[in-house]
Amino acid sequence: MVNTKVNLCGIEIDNPVIPASGTFGFGYEFAELYDINCLGTFSFKGTTKDPRFGNPTPRIAECTAGMINSVGLQNPGVERVIDEELVKLKKCFNKPVMANISGFSLDEYIYTCEKIDEQEQVGWLEVNISCPNVHGGGMSFGTSAKAAAEVTKAVKAVTKKPVIIKLTPNVTDITEIAKACESEGADGLSLINTLLGMRIDLKTKKPVIANKMGGFSGAAIKPVAVRMVYQVYEAVKIPIVGMGGASTAQDVIEFMLAGATAVEIGAANLIDPFASKNIVDSLPEVMAKYGINNLSEYIGGAH
Amino acid sequence: MKQSFYNVISNERIAKNTYKMILSGDTSDLTATGQFVNIKLDGFYLRRPISVCDWDETTITLIYKVVGDGTEKMAEIEVGTTLDVLTGLGNGYNTQKSGDKPLLIGGGVGVPPLFALCKRLIEEGKEVSVVLGFNSAEEIFLKDDFEKIGAKVYITTADGSFGTKGFVTDVIKDLEYTYFYTCGPMPMFKAIESVATTSGQYSFEERMGCGFGACMGCSCKTKYGNKRICKDGPVLEREEIVW
């Protein structure tokens, strides 16, 4: 019998398979299809202080082996997430959940993280720093080591649970941002968020997406993601949650060999609602095929 | 919603750029007319959402228009092919509000989901009028099928090559009806909105990521809050729509 358990920032999870934020809602849509307790955990829909409708439609464009989205963090706001979504989730998920938090200012991150940290169901906070900083000229927090460090420090000061900072790949040197977050006390890092992308419709001669550009995800981005996980693993000591195009158990193991302790499954959930369950189910067999008994021993194995 | 594998038992051209595909398999998750399926196609990352034209215990009929690379690929699918399909998606039309004389208004590729709706309304003993708008005579489909099940059918063509020359609104302004149901392009919806005299239901189209409510790709604002076209729609009631 193979062992798929891993320890993510002090919490042991049954397997490293984690549906990624924005592709799994608050879990209950998928709980209608299968028992979501088979997952390691999942990262719920990116939550902000205030309710957000998000960006205008069209928000989705298809690409070769991937997709672009510009949903724009549509969510009901932290109060309703706690009062409604987490209540519904409790009925179908009995493991600690990963709470994905976004903000457009330091104060918003502090407000939302403090409230979410108090929730018993929450195991980890995954802090998305790819959003624009409204007080910083609209530049993403995650593209500056200084701003990334400030968010990390501010969130760590108001939380007790493990804080995982989710990094954007749209930077010159991701290891510099990773080290800045680690130095301010981040308990873990997750990477990569989507790559900035664009598609143009030949019929209309205009961008497909209303917001012109959006986040490119899906199988096509996996080599970029694996490379960045590999680089960050060499730069920091804290655990890494790898993601970016992972769609199979083989992909999960590849990310782990690069240095990931756990792996998030994103766009794959949208094209196959059973994708994450299928990965969990096939993981033992794929491990056996490659002579892996204890998965956690292979974290960073490619280094 | 259910994920199932279906066998393609026919896939043929029925009008200009318009194809009819019949799938054989489990149809138990289709619960209302106006729902859609989401089809995985070889070589494409996202599924293709297609409205259900009709179904019975073992088959689903789809009518689709070739509008891009995906539907072009669909038109080439051979009989005997197995397709991975998500079924029973969306809310569908509510027939309880129709009154005795409902009016169905379809524009082009928006016509197919009205067929099963029409059957259902007639089964419920209602007197159904159907107005179908096309660009030209060579694009017309389903006319005879609607007539065969007992609907009163009016056809408009933009170029006047068949039926009334003009748009669906040129016909519906003279009709009497208790309620309306429509599916078609946005300019047609706006024209209907300016002449319709009763309450009604519109079926919307939007670019979708997943088709089952997970990604928030197809959200819209309504008077009663944000809705996902794929999960809370595609059918919205006239009173809730923000134009």
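Predicted model: local features only at pLDDT ≥ 70, side-chain atom pairs only at ≥ 80, totals over all residues.
Q: Let's start with chain A: how many helices and strands are in its secondary structure?
A: Chain A has nine helices and 15 strands. Its radius of gyration is 18 Å, close to the 19 Å from the globule rule for 303 residues, so chain A is as compact as a globular protein of that length. Along the principal axes, its C-alpha trace spans about 50 × 50 × 40 Å.

Q: What percentage of the residues in chain A are buried?
A: A residue counts as buried when 20 or more other C-beta atoms lie within 10 Å of its own. In chain A, that applies to 53% of the 303 residues. As for contacts between residues at least 6 apart in sequence, 71% join residues at least 24 apart.

Q: Now the helices: at what angle do H5 and H6 of chain A pack?
A: Angles under 35 degrees count as roughly parallel, and 65 to 115 as roughly perpendicular. Here H5(A), residues 174-183, and H6(A), residues 222-235, pack at about 45° with axes 9 Å apart. The two helices are therefore oblique to each other, and their crossing is right-handed.

Q: Which residues of H5(A) and H6(A) meet?
A: From H5(A) come Ile174(A), Thr175(A), Ala178(A) and Lys179(A); they meet Met228(A), Gln231(A), Val232(A) and Ala235(A) of H6(A). By class, this contact has five nonpolar, two polar and one charged residues.

Q: Finally, how many residues of chain B are in contact with chain A?
A: There are 22 in chain B, in contact with 26 residues of chain A. On the chain B side, strand E13 (residues 219-222) gives the largest share, three residues. That side divides into 12 nonpolar, six polar and four charged residues.

Terms used:
Residues numbered from 1 in each chain as written. Chains lettered and ligands numbered in written order. Axes fitted to C-alpha atoms, helices over the stretch in contact; angles between N-to-C directions. Helix = DSSP H or I, 4+ residues; strand = E, 2+ residues; numbered from the N terminus. Parallel < 35°, antiparallel > 145°, perpendicular 65-115°, else oblique. Left-handed = near helix turned anticlockwise from the far one by under 90°. Contact = placed C-beta atoms within 7 Å. Nonpolar A, V, L, I, M, F, W, Y, C, P; charged D, E, K, R; others polar. Rg over C-alpha atoms; globule rule 2.2 N^0.38 Å. Buried ≥ 20, exposed ≤ 12 C-beta atoms within 10 Å, placed from the backbone.
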